[in-house]
Amino acid sequence: MSIKNYIKIKNLSKSFGDVEVLKNINLEVEEGEFFSLLGPSGCGKTTLLRILAGFEYPSEGEVFFDDANVTSLPPNLRPSNMVFQNYAIFPHINVQRNIEFGLRKENLSKDEMQKRVENALKMVQLEGYENRYSNQLSGGQRQRIALARALVKQPKVLLLDEPLGALDKKLREEMQIELRNLQKSLGITFIFVTHDQEEAMTMSDRIAVMDEGNILQVSPPKEIYHNPKNKFVSQFIGNINILGAEIKSVSNENLLIEVDCFGSMQLKNYQQIIENDRINIAIRPEEITISKISDPNYDYNFQGNVKNISFYGESTYFYVQLNNSDKILMVSKNETKEPFSENDNCFVNFSSNNLKIIKD
Amino acid sequence: MYNKNNTLFIYCVFYFAFLYIPVLLLPIFSFNDSFHMVFPLKGFTFDWYIQMWNKSRLHQALFNSIKVGIIASVVSTFIALFAAKAFTRYKVKFHGLSYGAILLPFIIPEIIIAVALIVIWTSMGLKLGLIPVTISHILFCTPFCMLILISRMEGFDKSLEEASMDLGENSFWTFWRVTFPLLLPGIIASLLLAFVISFDEFILAFFLSSSDQTLPIYMWSQLRFPKKFPHILALGAIIIIVTSLIVMTAYWLRNLGQGKKKDFSIGI
């Protein structure tokens, strides 16, 4: 099966007055892909989505849908539809007429129209809500109607602007799975804007991490998690311990470093290019274990003291202060066979192959 | 009634008495069988209403006022509608200054506008009459309409218009399918307010109307004749009733066709 790039963004920049909110963006999204734009608020992700929808025009650069240049096309002529952050359900007409809204030009018979509306409502599991008004719907129901209203147009691309942001956690998690299933069954390209890294991780085929108008990394969720390209990405996706280190010597494929709080360490088979002497060493909390006595199965064992414990149910986070250092390490554990309490002495253990070099 | 609320209750009674007793005197005396507006009432009569209705000059004045009121309210609402859209939806240069300029006619005394208009109109060699009155009323009503429509426009979510565009409608259809119905309560309010302002406007009409009297000018001219005074009371009573009916109709229209919803605001 040949998958082609449906959306292409070339050298795109956007400024509002003196503020450059998007800086030379290049991006390609495959047909049928669930693609997320992830970043903190103000990173330009919503502006990028609005450019794709046609609500904003880029200052420079071009946008292609299926090899057609749509850069200056208004939103009503684009094969994309949008689910708005606040859903934008028309308050003066009922659900039925909201969903029919975009079908005016298709000259459907009354029966066909009814069928399309019914199918759309079925898709979002809200059959029988035709006569409700926006103010008679809950947040979750409005969100589904907004989805149905966009999908009834059978768009090539569905643009979603933080559609789950206003829902409570439980409902949000349900909708994540539902959206993902819907996207798979329809085969439509989804562009999903979110600031919630968990949401992006669980739903997406690929994620573009953005910050200050730049795309920092475009990769599948696992790749982003395990091989973050820089410090920002590593810290934005999941939790991570980042430690400063100095390179002592480089030989063959071994790297001898002096880590600020661990002392000298050896990294084997490192492949990244080292540009200067100061580097960042990173390790995920779940790659460190915590124990009462030092664990010889790991390369390194350090003594420390449990400062704080955060219990999340499925996992527990320990904040361990290393002896002879100010540094506090985050350690996570799925279960606590050895019950620790705050101020207990402990050992943290890890292997050198879990240590990553991260660019600034 | 609890003791501690007594003072509040008394205050309320005085408040409403102050507001409504002068107004209610008109209908009461309009049924009084006497030329003089003094107590005690003499007797009950419909004569003043019948006599009033037989006056052809009153018919003409009423017709003039309605004509001017309808044209002025429609035109000023129309102008204000698009101006309000531009003002709230696009980045207008000198936003603060423009807003001030919109509000300015409120503080310029009406008589100044009247004098200015009469000078302009006559210096152009044009005849005074209902046309300059209508134009002056449009000028006078537009800022009121602007204020109503701007606040209405600011109250509704811009993304509703974007959603319409996104669903395939161009700006024209978006306006008629989304913006206009959502603004309708504001438009009705604007039409009614402009009509009422024009209907009882005196100074501009006095300066510019010449021999084409509007209703307030007619009423004023009749006050010179004591025997005609009760007709004016009868006319005033009718105006109060009709105006109240218009406002109630407007309120009813506002809530019509929106399900149980009484407000367009989007609660998110």
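**Note on a predicted two-chain model**

1. Helix packing in chain B. The axes of helix H5 (residues 110-123) and helix H6 (residues 130-155) of chain B come within 11 Å of each other and cross at roughly 135°. H5(B) is therefore oblique to H6(B); angles under 35 degrees count as roughly parallel, over 145 as roughly antiparallel, 65 to 115 as roughly perpendicular and the rest as oblique. Axes are lines fitted to C-alpha atoms, for helices over the stretch in contact, and angles run from 0 to 180 degrees between N-to-C directions. Helices (H or I, at least four residues) and strands (E, at least two) are DSSP runs, numbered from the N terminus.

2. Basis of the note. The model is predicted, and local features need pLDDT of at least 70, side-chain atom pairs count only at pLDDT 80 or more, and totals for chains, interfaces and linings use all residues. Residues are numbered from 1 along each chain as its sequence is written, while chains are lettered from A and ligands numbered from 1 in the order in which they are written.

3. Residues joining H5(B) and H6(B). From H5(B), B:Ile113, B:Leu117 and B:Trp121 meet B:Pro132, B:Ser136, B:Leu139 and B:Phe140 of H6(B); contact requires C-beta atoms, placed from the backbone, to lie within 7 Å. This contact comprises 6 nonpolar residues, 1 polar and no charged. In this classification Ala, Val, Leu, Ile, Met, Phe, Trp, Tyr, Cys and Pro count as nonpolar, Asp, Glu, Lys and Arg as charged, and the others, Gly among them, as polar.

4. The two chains. Chain B has 11 helices and 0 strands, whereas chain A has 8 helices and 20 strands. The C-alpha trace spans about 70 × 70 × 30 Å along its principal axes in chain B and about 75 × 45 × 45 Å in chain A. Of the 268 residues of chain B, 31% are buried; for the 360 residues of chain A the share is 37%. A residue is buried if 20 or more other C-beta atoms lie within 10 Å of its own, exposed if 12 or fewer, and partly exposed in between.

5. Contact between the chains. Chain A and chain B contribute 20 residues each to the contact. On the chain A side these divide into 12 nonpolar, 6 polar and 2 charged residues.

6. Nonpolar cores. A nonpolar core is a set of buried Ala, Val, Leu, Ile, Met, Phe, Trp, Tyr and Cys residues joined through C-beta atoms within 7 Å. The largest has 114 residues, and those touching the most other members include A:Val209 and B:Leu149. A second, separate core of 20 residues includes A:Ile257, A:Ile281, A:Leu329 and A:Val348.

7. A:Lys14. This residue belongs to strand E1 (residues 5-16) of chain A. A:Lys14 counts as buried because 22 other C-beta atoms lie within 10 Å. Beyond four places in sequence, its contacts include A:Val21, A:Leu22 and A:Glu56. The C-alpha atoms of A:Lys14 and A:Gly213 are 8.8 Å apart, although 199 residues separate them along the chain.

8. Positive phi values. Most residues other than glycine have a negative phi. A:Gln154, not a glycine, has a positive phi of about 50° and sits in the loop between helix H4 (139-151) and strand E7 (157-161) of chain A. A:Glu212 likewise has a positive phi, near 50°, and lies in the loop between strands E9 (206-211) and E10 (214-219) of chain A. A:Gln154 is partly exposed, with 14 C-beta neighbours inside 10 Å, and A:Glu212 is partly exposed with 15 other C-beta atoms within 10 Å.

Definitions and conventions
Two residues are in contact if their C-beta atoms, placed from the backbone, lie within 7 Å.
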